[in-house]
Amino acid sequence: MTDIASATAVAPEALRDAVASALGAKARAITLALDELTVVVSATDYLGAMQILRDAPGCRFEQLIDLCGVDYSTYRDVGVEGARYAVVVHLLSVSLNQRVRVKVFCPDDDFPVVPSVNDLWNSANWFEREAFDLFGIVFDGHADLRRILTDYGFIGHPFRKDFPLSGHVEMRYDPELRRVVYEPVTIEPREVTPRIIREENYGGLH
């Protein structure tokens, strides 16, 4: 029987201890909630920490199954301070039947940059391009970092929380010009306010 076939899920506490031992000081925070392990690393330690998580005997996270960007700008509205942009990665160890979430914050809000992990996991290629396209996060060392979802010439990053919901331009096919044309947005922004019921005795209440 192979290791993969006989592997059983490791206890979350044991995984936490194994990851903490492997990363050492490279782990800024390690939390265990709902049996899910989250590791926070700094941007300077990110690439080295990810290589350890891939290669260390107690980790062996062979697969990167997801990578996305996060915009935390609205957290400041509730009094939470910190970096605006983060990259969140989910890793899977098929051989050891375990998972880990890794979070790294971009140190510069105006020009968010973290190293690329595409050389460690090929699956990071499109994920990093997506995070670059939608959030404007730059992955240093990526060999082909360009937009992947938005149109040619698109301006801005649509998943940033300060990007307008209606966008900046709209496009349509012009039958006379026989091509797609871009025009200013014609949608008028409006504020949708929930209806507030003020009737007395509503629903039988006094």
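Modeller: Let us begin with S21, which lies in helix α2, covering residues 12-23; helices (H or I, at least four residues) and strands (E, at least two) are DSSP runs, numbered from the N terminus. S21 counts as exposed because its relative accessibility is 62%; buried means under 20% relative accessible area, exposed over 50%, and partly exposed in between (1.4 Å probe, protein chains only). Although S21 and G58 are 37 residues apart along the chain, 9.1 Å separates their C-alpha atoms.

The model is a predicted one, in which local features need pLDDT of at least 70 and side-chain atom pairs count only at pLDDT 80 or more, while totals for chains, interfaces and linings use all residues. Residues are numbered from 1 along each chain as its sequence is written, and side-chain values use heavy atoms, with hydrogens and water left out.

The helix that holds S21 belongs to a chain with four helices and nine strands. Read from the N terminus on, the elements follow the order α-α-β-β-α-β-β-β-β-α-β-β-β. The chain has 206 residues, and 33% of them count as buried. Of the contacts (heavy atoms within 4.5 Å) between residues at least 6 apart in sequence, 51% join residues at least 24 apart. The chain exposes about 13400 Å², and carbon and sulfur atoms supply 54% of this area; such areas come from the Shrake-Rupley method with a 1.4 Å probe, and for residues only the protein chains shown count as cover.

L34 is in the loop between β1 (27-33) and β2 (36-41), and its phi is near 55°, a positive value in a residue other than glycine. L34 is exposed because its relative accessible area is 81%. R60 also has a positive phi, near 50°, and it too is a residue other than glycine. The loop that holds R60 runs between α3 (46-55) and β3 (63-71). With a relative accessible area of 32%, R60 is partly exposed.

We turn next to the aromatic rings. The structure holds four aromatic pairs. One of them joins Y72 and Y75 in an edge-to-face arrangement, with 4.8 Å centre to centre and 85° between the planes. Rings of Phe, Tyr and Trp (its six-membered ring) pair if their centres lie within 6.5 Å; planes under 30 degrees apart count as stacked, over 60 as edge-to-face and the rest as tilted. Y72 counts as buried because its relative accessibility is 14%, whereas Y75, at 39%, counts as partly exposed. Another pair, F154 and F163, is stacked, with 5.9 Å centre to centre and 25° between the planes. F163 is buried because its relative accessible area is 14%, while F154, at 27% relative accessibility, counts as partly exposed. Y72 and Y75 also form one aromatic cluster together with F105.

H142 is found in the loop between β7 (138-140) and β8. A relative accessible area of 11% is the reason why H142 counts as buried. A polar atom of its side chain lies 2.9 Å from the backbone nitrogen of D144, and the side chain of H142 also reaches the backbone nitrogen of L145 at 3.3 Å. Beyond its neighbours within four places in sequence, H142 is in contact with S116, N118, N125, E128 and R129.

Y173 counts as exposed because its relative accessibility is 52%.

Key:
Polar contact = N/O pair within 3.5 Å; in protein donor to acceptor, adjacent residues only side chain to side chain.
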